[in-house]
Amino acid sequence: RLVAVSKTYPADHVRAAVAAGQQDFGENKVQEGLQKIAETADTTIRWHVIGHLQSNKARKAAEAFDWIHAVDSVDLLRKIDEGAAAAGRRPKALVQVDLAGETTTFGASPGVVAGIFAAAASLGAVELVGLMLLPPAVDDASKARPWFRRLVALRDELAAAGVPPARLAELSMGMSHDFEVAIEEGATIVRVGSAIFGERH
């Protein structure tokens with residue numbers, strides 16, 4: 001699944017991509033996404049929020065977005081679920097994993113991930129469907145490969161521990177500079193912005 005990351009680009013750019021056949025669009029910020037969702041309400045776009053989600057924005061995200069890529073705690077997952085249930089919606093969610101332990105990166109540490117999946121058993125509205133990764137920035141795309149492989153290994157460990165296959169179906173990993181490598185390593189979702197819309201100003 002190709003998610004066209006439209007952050008900082010106006011709705012007319014989104015519409016041009018829709019005209020070319022694109023259906024999935026990603027925004028980093030809830031507020032910017034909500035504006036574009038309103039401006040493209042006549043389309044059949046599937047909207048993804050892919051950036052770090054603050055708990056106070058969880059309800060708004062659940063009400064408007066079809067996919068939420070950056071769940072990093074049980075508390076956030078439950079807040080999204082409450083918001084989705086109240087709005088009568090069933091968004092899909094991914095657990096963002098921080099494999100590198102970087103202080104500048106959001107995400108759940110590998111040791112916390114199993115607990116988030118365990119909490120998914122009690123959800124009423126949100127469908128937890130996989131994992132998401134933002135690897136450390138590298139100049140050479142091939143240097144991202146070990147991080148993608150580690151996410152696949154974590155997925156396999158969770159499956160072996162009894163997490164249902166439907167909750168582990170998706171791997172969101174890979175962006176404009178490394179999506180080919182991510183696909184080779186098993187990505188089911190890639191998040192591509194500048195390679196579609198051009199460099200951001």
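**Figure 1. The largest pocket holds about 500 Å³ of space.** The structure shown here and in the other views is a predicted model. Lining the largest pocket are 24 residues, of which Lys7, Asn28, Leu134, Met175 and Arg191 are the closest to its centre. Sorted by class, the lining of this pocket comprises 10 nonpolar, 10 polar and four charged residues.

**Figure 2. Tyrosine 9 and phenylalanine 197 form a stacked aromatic pair.** The count of aromatic pairs in the model is two. In the pair of tyrosine 9 and phenylalanine 197, the rings are 5.4 Å apart centre to centre, with 25 degrees between the planes; the pair counts as stacked because planes under 30 degrees apart are classed that way. Tyrosine 9 belongs to the loop between β1 (2-5) and α1 (11-19), and phenylalanine 197 to helix α8 (residues 194-197), so the pair ties together parts that lie 188 residues apart in sequence. Both tyrosine 9 and phenylalanine 197 are buried.

**Figure 3. Phenylalanine 25 and tryptophan 47 form a tilted aromatic pair.** Centre to centre, the rings of phenylalanine 25 and tryptophan 47 are 5.8 Å apart, and the angle between the planes is 40 degrees. Strand β2 (residues 24-27) contains phenylalanine 25 and strand β3 (residues 46-49) contains tryptophan 47, so this pair ties together parts 22 residues apart in sequence. Phenylalanine 25 is buried, as is tryptophan 47.

How values were computed
Residues numbered from 1 in each chain as written. Predicted model: local features only at pLDDT ≥ 70, side-chain atom pairs only at ≥ 80, totals over all residues. Heavy atoms only, no water. 1 Å grid on protein atoms, 1.4 Å probe; cavity = no way out; pocket = protein on both sides within 12 Å on 5 of 7 lines; lining within 4 Å. Points joined across faces, edges and corners; volume = space filled by probe spheres on them. Nonpolar A, V, L, I, M, F, W, Y, C, P; charged D, E, K, R; others polar. Phe/Tyr/Trp six-rings, centres within 6.5 Å; stacked < 30°, edge-to-face > 60°. Helix = DSSP H or I, 4+ residues; strand = E, 2+ residues; numbered from the N terminus. Buried < 20%, exposed > 50% of the residue type's maximum accessible area, 1.4 Å probe, protein only.
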